[in-house]
Amino acid sequence: MTAPFDVAVVGAGVMGCSTALFLARGGMSVVLLDRGEICREASGVNAGTLTMQMTRAALIPYALRAHEMWLTMPAWCAGGDVLATACPGLSVAFTQGEVAMLEERARIRRAAGAPIELIDGRAAQRVEPGLAEGVKLAAHCPIDGFTSAYLTGRAFRPALLEAGVALMEHTPVRGVHGRFALDMPGGTVRAKRLVLAGGAWLQDMAAWLGVDLPIKVLVNQLVVTERMAPVMRTVLGVASGLLSLKQYANGSVLIGGGWQGIGDRARGGVAVRPESFLGNVRLAAHTVPALREARVLRSWLGLEAETADALPAIGPIPGIDDAWIIGSVHSGYTSGPYMGRILAQAVLGEAPEQPLFPIDRLLRAGSNAA
Amino acid sequence: VLGGGPAGMAAAAHAASHGARTVLMEESPLPGGQVYRAPPAGFVMPPDIDRRAGDALRATLEASGAEVRTGCRVWGLGGGPLVPQGQDAGPFTLSALGANGVPFAVTARALVLCTGTHERIIPFPGWTLPGVIGLAAATILLKAQGVLPGRRVVVAGVGPLLYAVAAKVLAGGGSVAAVVDAASTAEWLRALPALASRPDLLAQGAAWRAKLVGARVPVLPGASVTAAEGEDVLAGVRVGGRAFEADALCIGHGLVPATEASRTYRARHEHRPRDGGWVPVLDARQRTTVPFLYAAGDGAGVRGAAAAPASGRVAARAALHDLGLAPEAPEAPGDAAPARALRAGAAMAGMMALRPAMVAAIPPDTIICRCEGVTRAAIDAAAADGAATLNQLKHFTRCGMGPCQGRMCGEAAGALLAAARGVPVAEVGFATARIPLRPVPLEAILGTFDYADIPVPAPAPI
C-alpha cells in the first residue's frame, strides 16, 4: 500500500483549489479530488463579481484581502489568470425604501472596513454615465471589479500541478472510512487529514463523517448578452443586492444578482425560471437603459451553499481530529482564494491571519460530532 | 409541434386531424423546411418535384385545422420535466416572438420536436472569408429565391447536395469552376444499391451529373478544399496542388441534428455518427426519454426529407395515444413505404458522417470557433492543459460561447478535443443547452413595466 497523503481535499472549486495550493506550498503532500472538473460548478459559472457591496459585513475584511489576491493572481498562481479587472462599484436606490436600505447597509459595510461613500444621482452618473435617470442615492466603492470566472479552473490548474498537488478530476468520492480512507470507484485514497470543500454538496460530504450540517442550496441564475458597444464601466447593483451588472472587455454584459432558478443537489442546475429571468433583465434595463438594445445570448445556473445563519462554514469539524471544512461563504467567489489561504494556515498548524468560522453553531443535535 | 419542415408539417396535420388541439411553431415565413422551402412572398419560382411534395404537405397541414404560427422565434423552453424537485412534470411552455415582434407563449401537454439539422462545416484555412457559404445556404438562394451565390463557383464537401447545388448554379447561368467531393468514387458505388431503392433520386442524380459533364465541370472525387484564398473576399480555392479562381465557394460536410430543445429538456442523448452526431434516444414510436416529448425528422437522426413525414406521423400518433386521445394503433400501412426512403437516407447520412481524417488535417492556426476566434492550436493547448469535455473546453477557451452557441463549431471542436485526448468523440460530450434557443432582443421581451412591480426577492442578510 502506498503512503497516505498528508491531506485530501474533496471538491476542486475555488475554496478547494486555494486550500490545496497553499497546503502544498506549506510542505504537505496533497490530493485534490472532484467528481467533475476543476472549478466547473459555482466557481466557474458565477458572475465573477469582486464587490464589497454584495458581501456580508462580517466578510468585508476577508473580501478586501481576496480582492487584492484576485488582481495579482498571476503573481501568486504560477501565471494563472482570470483577467481580473478593477473598477469602481455602485449600488443604487430608485425608491425611498431602497434609500433607507442603502443608507443602513452602506453604514454597516463602511464600519466593517469597506470604503463606501454615499453620493447623489448626478454624482453617480459621473461615475457611471450608463446609469439611468431617477437614482435617488448611490453607494460608491472605489474597490470593486470582476473576473472572467469561467477561467478559474484553467488558472489554478498549472499552479496546483507545479506545487505537486495530485489533481484527480472525474473522481467521485462515495464515502469516507476511518481516518481517512476515501472510497471511490476503482479504489481507495488514504490521507492523514481531510478537507471537505464541496460547495452546495457539503451537507452530503459532512454526512460521510456522521455530521449533520444543514446546508441550503441557492440556484442562482445568470444572463449574458451578445457583445455590444460600451454601455457601462462599473460594477453596478441595486440596494437590495438583487442585481449585478458589468460589461466585459469583449463587449458582453453579464446580468446577475441571485435570482433563483430551478435546481437541486441531485440534479444540479435544471432550468432557468422564466419569471426570474424577466425580473432580472427588467431590473437591469431599468438601471442601464442602453441594455434595451442588447440581445440576450444565454442564461445559466450555479448552485450556491448557504448555512442557517448565512455565514461561512470554515474550520475544524468538531469531534473528528484532522477533519476540516470550508464553504458556504456568501459571495464566496469574491472571498474564495483568501478563505483557502487562511484555512491552509490552520491546517498547517499556524495561526490564521483572520479568524475562521467554526461550525459548532450550525450542527444539529444527534450529529456524530455533538 | 416545434419546427415546420416535412416532419413537423406531417406531425401537426396528423395530430390536428385526429382531434388534438395543435399548434405548429415555425421560424420561416412559410412552413416547408429546407428541402420543401416555399419561395418568399412576391417571388415566383417554377415548381419542381420538391415544390410539389412541399405543396402537398402544406395543403394537408392547412386542411387539418392545426394552428400554424410562422415567422416566430421560439426562444424560451420551460415546463415539462423542468420543475422543482418533488413536483410533478407540468405542461411544456414555449416562449416566442411573433412575426410582428410581439412576444407570446404557448403551453402544450405534449411537444413534438421537428427541429431539423444545421450544416456541418469542418474548418479549413480561409473558411471565414466572405464568399464562402454553406451548401444549405446556397440551396436557399438557388431554390427559394433564384439567386446565384456567385458568378464562378466552387462546390465542395460531401453528400448529394453537392451535385444539386452545382447543377442549379449551371441552370441559373453561373459557371462551376469545380466540384470537390470528399467521397471517393468507390464510396458512391457502395452507396448505389441503397440509392437504387429510390429510382427517382437516382434519376435526379444522373441528370445533375449529366449537366456537369455537359458543361465540362471538373469533378474531383475523394478530394477536399485545402484553402480558400483572397484578401478581404474570396478570390480562389485551393485543392491540394490545384487552384481554381472563384468568387463563391459553397461547402458543407454533412448535417448535424439540431438538438438544442431536447437537450434543454434533459432528454437522454447518444452519439451516433452515422445519424449525424448526438441524437435523442428514442423508442420505436419517436418517444424521447422525457414523458410527452417526442422527436421526429432529421433532428432525430438524419434520414432525409422523404423519410421525415412518416416519422412525424408516428410521433403524433404516439402523442395522441399518450394523451389519451387515441388508442395505440399498429403502424398504418402508409408508413411502410418510407422503408426505401429510409434506406437511401441512411446511405447518404452515412456518407455525410463526420470524417475524422478531415478534422485531423486542420492546420493549427485555422479558426475553429469563428464567434470567439478560437484556433485549432488553442483547442490543442487547452486539451494539453487538461480540458477533458466540450463544456470544460468552453471554459478554457471560450470556444462555443458566442452568438451561435457552438452550432457551427461544436462538431469540429468535439472531434479535435477527442483526437487530442485519444478518446471517442462521444466521451467529450456536448455543451449544456440553456435558453434562449436563439439570441433574443431584450427590448422585445421586456414589455412595459413599472419598477415597483418587478418582483424583487427579499435581499440577503447584511
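**Figure legends: chains A and B of a predicted model**

Chain A and chain B together bury about 5000 Å², and carbon and sulfur atoms account for 56% of that area. The views below are drawn from a predicted model.

**Figure 1. The contact between chain A and chain B draws on 59 residues of chain A and 52 residues of chain B.** Between the two chains, 24 residue pairs are in polar contact, with both residues at pLDDT 80 or more. On the side of chain A that touches chain B, at least two residues each come from α2 (42–45), α5 (96–111), α7 (152–162), β14 (262–264), β15 (268–271), α9 (274–287) and β16 (295–306). Of these elements, α9(A) gives the largest share, with eight residues. Sorted by class, this side of chain A holds 29 nonpolar, eleven polar and 19 charged residues.

Figure 2. Three salt bridges are found across the interface of chain A and chain B, while the count over all chains is 35. A:R227 belongs to the loop between β10 (216–225) and β11 (235–238) of chain A, and B:E372 to the loop between β20 (367–369) and β21 (374–375) of chain B, so the pair joins two chains.

**Figure 3. Strand β16(A) pairs with strand β22 of chain B.** The two strands, β16(A) and β22(B), the latter spanning residues 440–441, run in the antiparallel sense and are joined over two bridges. Within this pairing, A:V296 is set opposite B:V440 of β22(B). β16(A), residues 295–306, is also one of the elements that supply at least two residues to the side of chain A that touches chain B.

**Figure 4. A hairpin in chain B is formed by β17(B) and β18(B).** Strand β17 (residues 269–272) and strand β18 (residues 277–280) of chain B pair over four bridges in the antiparallel sense. B:E270 has B:V279, in β18(B), as its bridge partner. Four residues lie between the two strands, and in the turn B:G276 has a positive phi of about 115°. In a regular strand, side chains alternate between the two faces of the sheet.

Figure 5. A:F180 is located in the loop between β7 (175–177) and β8 (181–184) of chain A.

**Figure 6. A:S328 has a positive phi although the residue is not glycine.** The phi of A:S328 is near 55°. A:S328 sits in the loop between β18 (323–327) and α10 (332–347) of chain A.

**Figure 7. Chain A contains ten helices and 18 strands.** The C-alpha atoms of chain A fill a box of roughly 70 × 40 × 35 Å along the principal axes. A compact globule of 370 residues would have a radius of gyration near 21 Å, and chain A, with 21 Å, agrees with this expectation.

**Figure 8. Chain B contains 14 helices and 22 strands.** The radius of gyration of chain B is 23 Å, close to the 23 Å that the globule rule gives for 462 residues, so chain B is as compact as a globular protein of that length. Along the principal axes, the C-alpha atoms of chain B fill a box of roughly 65 × 60 × 45 Å.

Methods
Residues numbered from 1 in each chain as written. Chains lettered and ligands numbered in written order. Heavy atoms only, no water. Contact = heavy atoms within 4.5 Å. Buried area = accessible area lost by both parts, 1.4 Å probe. Salt bridge = Lys/Arg side-chain N within 4 Å of Asp/Glu carboxyl O. Polar contact = N/O pair within 3.5 Å; in protein donor to acceptor, adjacent residues only side chain to side chain. Nonpolar A, V, L, I, M, F, W, Y, C, P; charged D, E, K, R; others polar. Pairing = 2+ DSSP bridges. Rg over C-alpha atoms; globule rule 2.2 N^0.38 Å.
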